[in-house]
Amino acid sequence: MQEELSILEALLQAMDRRGEVFQAIEDSEDVDEAIQRVGQLLGVGAIESRAVLDLQARRLTRDQRRKSAFRANELRSLLLKDL
């Protein structure tokens with residue numbers, strides 16, 4: 001649950017900062033460098049960075065972003081209940 005939440009939060013952040021994310025990817029020599037640059041930009045780890053790089057363009061729609069945000073909130077609530 002925590003890993004899914006971390007990935008969703010990274011994706012949401014990438015959606016909000018897509019111009020910066022795309023620029024970091026374009027400026028990278030290869031995938032490994034892109035993962036590192038995206039991670040530094042967003043303050044996330046390699047798993048989350050790789051998920052950002054794997055993000056499909058269809059997930060950038062407002063509807064998909066709302067669904068991702070809803071799921072992230074749902075996971076946060078579940079994790080708080082477990083504490």
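## A salt-bridge network

E4, R71 and E74 are joined in a network of salt bridges. The model is predicted. Seven salt bridges are counted in it.

E4 is partly exposed, at 35% relative accessible area. R71 is also partly exposed, at 28%.

R65 forms a salt bridge with D16. The closest N and O atoms are 2.8 Å apart. Again, distant parts of the chain are linked: R65 is in helix α5, D16 is in helix α1, and they are 49 residues apart.

How exposed are the two partners? R65 is partly exposed, with 26% relative accessible area. D16 counts as exposed because its value, 54%, is over the 50% cut-off.

E33 and R37 form a salt bridge, with 2.8 Å between the closest N and O atoms. Both residues lie in helix α3 (residues 31–42). They are four residues apart, about one turn of the helix. E33 is partly exposed at 24% relative accessibility. R37 is partly exposed at 31%.

## A buried charge without a partner

E48 belongs to helix α4 (residues 46–53). Is E48 buried or exposed? E48 is buried, yet has no salt bridge. The nearest side chain of opposite charge is R50, 9.7 Å away.

Which residues does E48 touch, leaving aside neighbours within four places in sequence? E48 is in contact with S6, I7 and A10.

Terms used:
Residues are numbered from 1 along each chain as its sequence is written. This is a predicted model: local features need pLDDT of at least 70, side-chain atom pairs count only at pLDDT 80 or more; totals for chains, interfaces and linings use all residues. Side-chain values use heavy atoms; hydrogens and water are left out. Helices (H or I, at least four residues) and strands (E, at least two) are DSSP runs, numbered from the N terminus. Buried means under 20% relative accessible area, exposed over 50%, partly exposed in between (1.4 Å probe, protein chains only). Lys and Arg count as positive and Asp and Glu as negative; His and the chain ends are not counted. A salt bridge is a side-chain nitrogen of Lys or Arg within 4 Å of a carboxyl oxygen of Asp or Glu. Contact means heavy atoms within 4.5 Å.
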